[in-house]
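Visitor: I would like to learn how to read a few features of a structure like this one. Could you take me through them in turn?

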Amino acid sequence: MKVLIGHFNSESNEWSYQNMAFENFVFKHGEECLDVMNVRDIFEDQDIEVVPSLYANGHPGGLIKKDAFDFILKRFTKKVKEHLAEIDGIYLYLHGASKVVDLEGDSAEHNILFEIRKITGPYMPIAICMDPHGNLSQDFADNATIIRTYRHSPHTDTVETRRRVAEMLVDLLQNRRKITPVYRKIPIMIGGERSVSTDEPVASINQYLDELESDPRILSASFHVGYLEHDGDKCGCSAIVVPNDDKYAAYANEVADSLYDFVLARRFQFHYHGIVDYPNEALDRALQYDGRPVFLTDSGDNCGAGGDGYSNYILRQLMEKDDYYDKSILVAGVVDKYSYHKLYDKKVGDRVDFHFGMGLDELNKPIHLTGEIVARGVVNNRFEINSHMAEAITVKIDGKPISLVVEGESLSYTDLHQFKDSNLDVDDYDLFVVKQGYISPDFKEISPFCIMSLTNGPTDQEMEQVRSYKRIMRPMFPYDELDYRVEE
């Protein structure tokens with residue numbers, strides 16, 4: 001037997017300044033594609049040959065340019081056509097949160113699946129692993145055979161889930177039967193920072209999903225939180241229940257209704273995880289906290305959810321302070337492509353004098369800085385990227401206990417190893433300002449105090465107040481009052 005595999009990843013933020021072009025994706029083909037998808041051995045251990053199509057990984061950013069998507073889609077469909085007579089099934093990782101400029105239906109993942117299904121016909125098994133921050137539709141479910149998401153946010157179970165979906169496909173190929181996923185649109189829109197899996201209600205939802213999957217009649221059950229950083233008819237939460245066999249289809253529909261009711265009944269429980277405050281209060285609390293290290297997150301410009309990283313708002317807040325409570329501060333980091341290029345040829349120890357800020361709106365107004373370059377490195381040596389733009393240049397600002405990491409690409413600091421990658425010592429700083437939403441496990445583990453600042457920006461957390469959604473299903477919580485059951 002043979003299985004064709006492929007990977008597509010992108011989170012598309014409509015309120016980001018930058019679009020995702022061809023050069024913003026990392027592409028791997030052939031053996032490289034097989035090696036990075038973490039499932040090769042699952043198939044080969046069962047004497048199933050794996051056929052690579054394409055690995056296309058784009059970090060979160062703006063909308064995807066149509067020519068970049070056309071290349072990706074053509075590569076997928078070309079490989080399916082080439083191997084159609086040989087393959088017995090298809091395994092895909094499709095994130096679910098993309099939006100493509102000038103594409104009918106918007107979603108890259110939907111389009112990829114639909115075009116592949118046109119080639120294979122209705123009966124070839126297609127198993128799909130997804131991110132819970134992805135948007136689904138009935139049409140997507142109708143064209144797939146198996147759909148399963150990660151459970152946890154932050155995503156600590158990615159490899160485990162990808163391998164589990166591969167095992168499900170292996171079992172289906174060895175024990176052929178008809179499987180049809182059951183889909184329910186849940187009329188709730190919530191951001192990722194209100195759906196951390198170690199907190200309620202997602203902890204209870206995940207426990208319920210585990211219970212559902214313990215039933216031999218149910219192959220998998222998933223809750224899709226969705227992705228809200230663009231407008232579209234697929235926005236909102238979803239539930240997917242996959243029966244182990246279509247002879248259990250009626251039961252799977254009952255389970256899907258039960259899961260729908262379980263989530264909908266908890267819609268008022270979704271809340272920000274951890275400590276949250278508005279920008280002035282959040283900064284004061286971080287500065288005044290008697291302990292170290294403290295982490296303050298610039299949630300409105302979360303690069304991990306497609307923010308540009310351009311906002312220097314918290315840096316400007318800091319520059320205006322007189323009392324820093326004896327704290328050494330690292331702002332890690334802010335993107336300014338102009339300053340980055342000006343500093344790029346400088347070396348550690350060089351004095352610098354520059355205007356910092358992209359100057360595109362109120363959140364990234366330029367300010368004049370002088371200082372010394374104290375470190376050079378990369379933002380993340382484990383992150384796949386195509387250019388030198390991942391480098392990090394750290395400037396110690398004159399007259400202030402503040403060091404600034406100048407970036408050329410929108411990459412978040414989320415792991416402790418990244419500071420070492422940037423040639424920075426975590427122990428040298430008391431307060432870290434990072435561009436995240438919910439705090440990462442690495443930082444939470446070492447910090448006695450983490451606080452999320454509800455800053456403005458492309459990933460503004462108060463989306464129900466600042467975003468104008470025109471294409472979403474209505475009624476939709478929190479915009480509308482809901483009857484107990486809403487039919488799509």
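**Rings, strands and a pocket**

Guide: F443 is buried, with a relative accessible area of 0%. Keep in mind that this is a predicted model.

Visitor: Where is the cut-off for calling a residue buried, and how does F419 count?

Guide: Buried means under 20% relative accessible area. F419 has 1% relative accessibility, so it counts as buried.

Visitor: How do F419 and F443 pair, and which helices hold them?

Guide: Ring planes under 30 degrees apart count as stacked, over 60 as edge-to-face and the rest as tilted. F419 and F443 form a tilted pair, with 5.7 Å centre to centre and 35 degrees between the planes. F419 belongs to helix α12 (residues 417–421) and F443 to helix α13 (residues 441–446), so this pair ties together parts that are 24 residues apart in sequence. Ring pairs also link these two into a cluster with F295, Y413, Y429 and F432.

Visitor: How many aromatic pairs are there, and which one is stacked?

Guide: The count comes to 21 aromatic pairs. One that is stacked is Y208 with F262, at 4.3 Å centre to centre and 15 degrees between the planes. Y208 lies in helix α7 (residues 202–213) and F262 in helix α8 (residues 249–264), so the contact ties together parts 54 residues apart in sequence. Both Y208 and F262 are buried.

Visitor: Which charged residues sit over rings?

Guide: Two cases will do. The charged end of R266 sits over the ring of F262, 3.5 Å from its centre. R162 lies over the face of Y93, at 4.4 Å from the ring centre.

Visitor: Why is strand β15 described as largely enclosed?

Guide: Count its buried residues. Five of the seven residues in β15 (residues 391–397) are buried, so the rest of the structure largely encloses this strand.

Visitor: Which strands does β15 pair with, and in what direction?

Guide: Look at the bridges. Strand β14 (residues 367–378) runs antiparallel to β15 and is joined to it by seven bridges; I373 has V395 in β15 as its bridge partner. Strand β16 (residues 402–407) is also antiparallel to β15, with five bridges, and A392 stands opposite E407 in β16. The hairpin of β15 and β16 has four residues between the strands, and G399 there takes a positive phi near 75 degrees.

Visitor: What can be said of the second largest pocket?

Guide: Start with volume, then lining. The second largest pocket holds about 290 Å³ of space. It is lined by 16 residues, of which P122, Y123, T145, K178 and I179 are the closest to its centre. The lining divides into eight nonpolar, three polar and five charged residues.

Terms used: Residues numbered from 1 in each chain as written. Predicted model: local features only at pLDDT ≥ 70, side-chain atom pairs only at ≥ 80, totals over all residues. Heavy atoms only, no water. 1 Å grid on protein atoms, 1.4 Å probe; cavity = no way out; pocket = protein on both sides within 12 Å on 5 of 7 lines; lining within 4 Å. Points joined across faces, edges and corners; volume = space filled by probe spheres on them. Nonpolar A, V, L, I, M, F, W, Y, C, P; charged D, E, K, R; others polar. Buried < 20%, exposed > 50% of the residue type's maximum accessible area, 1.4 Å probe, protein only. Helix = DSSP H or I, 4+ residues; strand = E, 2+ residues; numbered from the N terminus. Pairing = 2+ DSSP bridges. Phe/Tyr/Trp six-rings, centres within 6.5 Å; stacked < 30°, edge-to-face > 60°. Lys NZ or Arg CZ within 6 Å of the ring centre and 35° of its normal.
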